[in-house]
Amino acid sequence: MTEALTNQAITARRIQLESVLLAAAPLWREMPFRIERPQWVDAFPELDAELQCMPMDALAQLLGNNSALVQWLSDRVAIPGYRSGLIHVAALARVGGNVEARSAWGVPGRKLAQIEAFASAVGKPPAAVLEWCAGKGHLGRLVAMTRGVDVTSLEIDPALCHAGERLAERARAAGQTFVVGDALRPEAAAMVAGRYVMALHACGDLHRDLVSAAAGGGAAGVAIAPCCYYRLRETEYRPFSSDSRLRVSRDELHLAVTETVTAPDRNVRERDRAAQWKLAFVAWREASGGGYRTFKPVPSAWMLQPFSEFMARICDREGLASPPSSALSGLLKEGQRRFDVMMRRSAVRLAFRRVMELWLVCDLATPLIDAGFRVSIDAFCDRMLTPRNLLLNATAPG
C-alpha cells in the first residue's frame with residue numbers, strides 16, 4: 001500500500017515533479033486547441049502517427065487513467081524521472097457509515113459523498129473548526145453534528161449564509177455559526193488563529209491565502225482539497241518554494257484541472273460540439289487572412305442555434321465577415337476534423353495534468369512545512385467521485 005506523503009517526502013516529490021515538468025515543457029506548454037501542430041509532432045512523428053491511428057475507445061480508456069497515460073508516454077519518450085509512480089499518493093480508507101439524514105438536507109448526492117469522504121479522511125479535528133469559503137456550510141454542519149466541535153462557517157455571500165443558518169437550525173446543528181466575510185481580506189486571515197481550518201474545493205487564491213494565513217497566523221491546522229488552481233489575481237503562478245525554477249502562466253494552470261469524470265454524456269456531447277464549432281470559426285478566420293488568437297467565451301445560448309447562426313454571431317462579434325452559406329458544410333467538417341486531431345494530440349499534454357496538479361499541491365504545502373507543521377498529502381476519495389481528490393492535511397507544531 002502506498003504511504004502518505006509527509007514533510008520530507010513532499011519536498012522530495014515536489015523537486016522530482018518540477019524536474020519532470022521543466023524537462024518536458026515542450027510537450028505540455030503548447031495547447032492543441034490553439035496550435036494545430038504542436039512542435040512535438042515534428043520531434044516525435046511516430047508518437048503522433050500512433051495517436052492518429054488509435055481507436056477512439058482505446059484513446060478514451062487511456063485518457064481515463066492517469067497512471068496508464070503516464071506509463072504509455074514514458075514508454076515512448078525518454079524523460080528523466082517520468083514514470084507512473086511519480087503521481088501515486090496514498091488512498092485514505094474511509095471510516096464510519098452513512099450520516100444522519102437530517103445533516104444531509106439540501107445537499108446533492110455527489111456533493112454529499114464528497115463531503116462525507118473529506119470529513120472521514122480528516123477525522124476528529126484537534127480544535128474548533130473554521131470552514132473556509134463555506135457556501136451553505138454543508139461540510140461544517142456535518143462536522144459539527146458528528147465530531148462534537150464548534151464550527152464557524154465563513155462565506156462571502158449573505159444569502160448562502162442565511163440558507164446555511166436555516167439548514168443548521170433544521171438539523172439542530174447547534175455548534176455551527178455563520179460569519180459573512182471575504183476569505184481574501186485580512187479580517188479572514190485573522191480568524192484562523194487557534195482554529196483548525198477546513199476548505200473543500202477552495203479555488204486558487206482562496207486556498208493560497210489560507211495556507212499563508214495558517215502558516216503565519218497560529219492556526220491549529222488545516223485540511224484543504226484545492227481546486228481551480230488558475231483562479232489567481234496575477235497572470236503567472238508564484239511558487240511558494242524559493243528554490244523553484246518553474247514558471248507557469250495562469251492559462252497553463254488549466255492543465256491541472258482538465259480531468260473530468262463526472263459530466264453526463266449529454267454534457268460531454270455538447271462540450272465537444274461547442275469545441276468543433278469554435279474550431280470551424282478558427283478555420284474561417286485563418287482562411288480570411290487572420291491567425292489564431294484567443295476570443296471571449298461564447299454565450300451558451302449561441303450553441304442552441306443552428307451552426308449557421310452561431311457563425312454569423314461570432315463573426316459579427318469578432319469583426320469578421322460571415323462565411324457564405326455554400327462554405328458552411330465544409331467549415332463544419334473542418335472543425336470536426338481539427339477536433340479529432342486535437343483530441344488525439346492532447347493526450348501528450350494531458351499526460352502531465354496530474355504531474356502539474358501534484359506539483360501545485362506539494363508547493364502549497366511548503367509554507368506549512370517551513371513553519372513546522374506536520375503535513376501529509378493523500379487522496380481522500382476515488383477519482384470517479386471527484387478528480388480533485390488531493391487532500392493536504394497539516395497540524396501545527398507542539
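**Around helix α14**

Let's start with M343, a residue that is partly exposed, since its relative accessible area is 22%. (Under 20% counts as buried, over 50% as exposed, and in between as partly exposed, using a 1.4 Å probe and protein chains only.) What you are looking at is a predicted model, in which local features need pLDDT of at least 70 and side-chain atom pairs count only at pLDDT 80 or more, while totals for chains, interfaces and linings use all residues. Residues are numbered from 1 along each chain as its sequence is written, and side-chain values use heavy atoms, with hydrogens and water left out.

M343 sits in helix α14. (Helices are DSSP runs of H or I with at least four residues, strands are runs of E with at least two, and both are numbered from the N terminus.) Follow the chain from A60 to M343 and you cover 283 residues, yet their C-alpha atoms are 9.8 Å apart in space.

Two packed helices are described by the angle between their axes and the distance between the axes. Helix α12 (residues 265–287) packs against α14 (residues 325–350) at an angle of about 115 degrees, and the axes are 7 Å apart. Here the axes are lines fitted to C-alpha atoms over the stretch in contact, and angles run from 0 to 180 degrees between N-to-C directions. The two helices, α12 and α14, are therefore roughly perpendicular, a label for angles of 65 to 115 degrees; under 35 is roughly parallel, over 145 roughly antiparallel and the rest oblique.

Which residues of α12 and α14 meet? From α12 come D272, A275, Q276, W277, L279, A280, V282, A283, W284 and E286, and from α14 come L331, L332, E334, G335, Q336, R338, F339 and M342. Contact here means heavy atoms within 4.5 Å. By class, the contact of α12 with α14 has 11 nonpolar, three polar and four charged residues. (Ala, Val, Leu, Ile, Met, Phe, Trp, Tyr, Cys and Pro count as nonpolar, Asp, Glu, Lys and Arg as charged, and the others, Gly among them, as polar.)

R338 of α14 is worth a look. Is R338 buried or exposed? With a relative accessible area of 11%, R338 is buried. Its side chain joins that of E286 in a polar contact of 2.7 Å. (That term means a pair of N or O atoms within 3.5 Å; within protein, one must be able to donate a hydrogen and the other to accept it, and residues adjacent in sequence count only if both atoms are side-chain atoms.) Leaving aside neighbours within four places in sequence, R338 also touches E36, L279, V282 and A283.

Helix α13 (residues 307–317) meets α14 too: the axes come within 10 Å and cross at roughly 90 degrees. That makes α13 roughly perpendicular to α14. F307, S308 and M311 in α13 meet L328, L331 and L332 in α14, a contact with five nonpolar residues, one polar and no charged.

Finally, over to strand β3 (residues 151–155), which holds S153. At 0% relative accessibility, S153 counts as buried. The S153 side chain makes polar contacts with the side chains of E131, at 2.6 Å, and Q176, at 3.0 Å.
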